[in-house]
Amino acid sequence: MRDTYQEQLDELASSLAGMCDDVARAMRNATRSLLDADLQLAEQVISEDMKIDDVRASAEHQAFGLLALQAPVATDLRVVIAAIHGAGDIERMGDLALHVAQAARRRHPQSVVPDEIKPYFTEMGTVGVALAEKAGRVIRSRDLEAAVELEADDDAMDDLHKHMFTVLMDSNWTHGVSAAVDVALLARFYERYADHAVAVARRIVYVVTGQMPGPLAV
């Protein structure tokens, strides 16, 4: 019985780590669709988002089943609670990648992002994907050091997000209000995506130590 119970806990963690891989792929493809005005790739991200939602629902069902049938305590209880909250964070990351793809589809065949700021969104995509992939590794390994590092890794995204507002407020901006709104919203999507990855890592800190790090609004 104990072996089966532990297998169920391991399977739950594996599902969440797999979700991180899924949302990393979604953001990678969404960024490519944004930068290349690739309608087919945008449609792929949009259609695949439902799979991420389904995995979240399955993980939550499994977690609530463990609570009801196994009455976990101590670390096991923290694993289940962190899984319930973490599944929501990761699913939201998928939604934010979806929003990026939807922006690319909405403006097609035009590019949403002016050429001169595409490098910034390339970097935001790279940082976001790396954060999601690292969150997946943290879930699998429960590596406390890596979990703490992930919050520091997020600083690069915060800096890029802030820089976007500097660009938009510059007197040399010539692309109009509509483009500025698109860019501001897109930058916000990437920044929130990264924040949810940090939230996932914080929940692993909670699993390992029993202490939740300071609050992060997500």
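Predicted model: local features only at pLDDT ≥ 70, side-chain atom pairs only at ≥ 80, totals over all residues.

Biologist: Let's zoom in on H7: which helix axis comes within 9 Å of H7, and at what angle do the two cross? And which residues make the nonpolar surface patch of about 220 Å²?

Modeller: Helix H7 covers residues 176-209, and its partner here is H4, residues 118-141. Their axes come within 9 Å and cross at roughly 15 degrees. Angles under 35 degrees count as roughly parallel, so H4 and H7 run roughly parallel to each other. As for handedness, H4 and H7 make a left-handed crossing.

The axis of H6, residues 155-169, and that of H4 come within 10 Å, crossing at roughly 160 degrees. The cut-off for roughly antiparallel is over 145 degrees, so H4 is roughly antiparallel to H6. Here too the crossing is left-handed.

Now for the patch. Its members are Leu144, Val148 and Val208, which together give a nonpolar surface of about 220 Å². Val208 belongs to H7. With a relative accessibility of 37%, Val208 counts as partly exposed, because that class sits between buried, under 20%, and exposed, over 50%.

Glu145 has a relative accessible area of 56%, so it is exposed. The C-alpha atoms of Glu145 and Val205 are 9.0 Å apart, although 60 residues separate them along the chain.

How values were computed: Residues numbered from 1 in each chain as written. Heavy atoms only, no water. Patch = residues over 30% accessible without salt bridge, like charges linked within 9 Å, V, L, I, M, F, W, Y side chains within 5 Å. Areas by Shrake-Rupley, 256 points an atom, 1.4 Å probe, with all protein chains shown as cover. Salt bridge = Lys/Arg side-chain N within 4 Å of Asp/Glu carboxyl O. Helix = DSSP H or I, 4+ residues; strand = E, 2+ residues; numbered from the N terminus. Buried < 20%, exposed > 50% of the residue type's maximum accessible area, 1.4 Å probe, protein only. Axes fitted to C-alpha atoms, helices over the stretch in contact; angles between N-to-C directions. Parallel < 35°, antiparallel > 145°, perpendicular 65-115°, else oblique. Left-handed = near helix turned anticlockwise from the far one by under 90°.
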